[in-house]
Amino acid sequence: MSQGTGGQAGGAAEPIRVLVVDDQELFRRGLTMLLVAEEGIEVVGEAGDGVEGTQLAVSTMPDVVLLDVRMPKRTGIEACTQIKEAVPSAKIIMLTVSDEEADLYEAVKGGASGYLLKDSSIEEVAQAVRVVADGQSLISPSMAVKLIDEFKQMSKPDRESVPGLRLTDRELEVLRLVAKGMNNREISKELFISENTVKNHVRNILEKLQLHSRMEAVMYAVREKLLDIP
């Protein structure tokens, strides 16, 4: 059975199974055709709305779901939450026409692993699929800034920092770089440590904070004033 990281381990492993959910048929078909041509990626289904997308996710058990934010019957945000509940192993990338969407925070809460602009190149889409299938989060720098702004607005101005936080200095350093939208490889280069070490730090951060995703960790850290973000 293919898991979220199955397409990345061991070189010639099983392809990454992708489900494409978008109500714009031309965009959906075009994206599917381009992804099919990518090595190591298999498109297991297409859906035109959130309801059908959720049902297909349950029946096809994809590794990655490309999910439009704006759809009829069931929005992408609603579908994201329901797909994550039904297929926890699926990684979800939200598709949006603008980095000014107001639903960034809701998508993160719903379990999305990243955001991708619809005008991204096929190389960027394929790379995004591979990155989230490998267990990482993906968000453009412009969206990272907006997401952090939203988190800060959620913060209560009179809230004090949490005393006795168990994160190490290095873990806080990693968390700050994740907050800037950097992936594991970029963080490893920045801190001169291996990607595996970065992965271990991220895993430890999530365990200590009892959270489920990298972006949730950033949200928590900003809310609790643990990061010095201008």
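Leaving out neighbours within four places in sequence, Arg74 is in contact with Gly50, Val51, Thr54, Ala79 and Gln82, where contact means heavy atoms within 4.5 Å. That's a handy way into this model, which is predicted: local features need pLDDT of at least 70, side-chain atom pairs count only at pLDDT 80 or more, and totals for chains, interfaces and linings use all residues. Residues are numbered from 1 along each chain as its sequence is written, and side-chain values use heavy atoms, with hydrogens and water left out.

**Around Arg74**

- Arg74 sits in the loop between β3 and α3 (76-86); helices (H or I, at least four residues) and strands (E, at least two) are DSSP runs, numbered from the N terminus.
- One of the contacts of Arg74 is Val51. Arg74 and Val51 are 23 residues apart in sequence, yet their C-alpha atoms are 5.7 Å apart in space.

**The whole chain**

- The protein chain has ten helices and five strands.
- It's 230 residues, and 50% of them count as buried. Buried means under 20% relative accessible area, exposed means over 50%, and partly exposed is in between (1.4 Å probe, protein chains only).
- Take the contacts between residues at least 6 apart in sequence: 66% of them join residues at least 24 apart.
- The accessible surface of the protein chain comes to about 11300 Å², and 51% of that belongs to carbon and sulfur atoms. These areas come from the Shrake-Rupley method with a 1.4 Å probe; for residues, only the protein chains shown count as cover.

- Buried residues in α5 are Ile122, Val125, Ala126, Ala128, Val129, Val131, Val132 and Ala133.
- As background, an α-helix has 3.6 residues a turn, so residues three or four places apart point the same way.
- The buried residues of α5 pack against β1 (16-21), α1 (25-36), β2 (41-47), β3 (64-68), β4 and β5 (114-117).
- Just after α5 comes Gly135, with a positive phi of about 90 degrees.

**Salt bridges**

- The structure holds ten salt bridges, each being a side-chain nitrogen of Lys or Arg within 4 Å of a carboxyl oxygen of Asp or Glu.
- In general, side chains of opposite charge can pair when their charged atoms come close.
- Glu46 pairs up with Arg28, and their closest N and O atoms are 3.1 Å apart. This pair links distant parts of the chain, with Glu46 in strand β2 and Arg28 in helix α1, 18 residues apart.
- Glu46 is partly exposed at 24% relative accessible area, while Arg28 counts as buried at 10%.
- Glu46 and Arg28 also belong to a network of salt bridges that includes Glu25 and Arg29.
- Lys118 and Asp68 meet in another salt bridge, at 3.4 Å from N to O. Lys118 lies in the loop between β5 and α5 and Asp68 in strand β3, so the pair ties together parts that are 50 residues apart in sequence.
- Lys118 counts as buried at 15% relative accessibility, and Asp68 is buried too, at 5%.
- The side chains of Arg185 and Glu195 meet at 3.3 Å, N to O, in a salt bridge.
- Arg185 is exposed, with a relative accessible area of 51%, whereas Glu195 counts as partly exposed at 28%.

**Two threonines**

- Thr96 lies in strand β4 (residues 91-96) and is buried, with a relative accessible area of 1%.
- Thr96 and Gly76 are 20 residues apart in sequence and 9.8 Å apart in space, C-alpha to C-alpha.
- Thr60 is in helix α2 (residues 50-60) and counts as buried at 13% relative accessibility.
- The side chain of Thr60 reaches the backbone oxygen of Leu56 at 2.7 Å.
- Not counting residues up to four places away in sequence, Thr60 touches Arg17 and Val44.

Notes. Polar contact = N/O pair within 3.5 Å; in protein donor to acceptor, adjacent residues only side chain to side chain.
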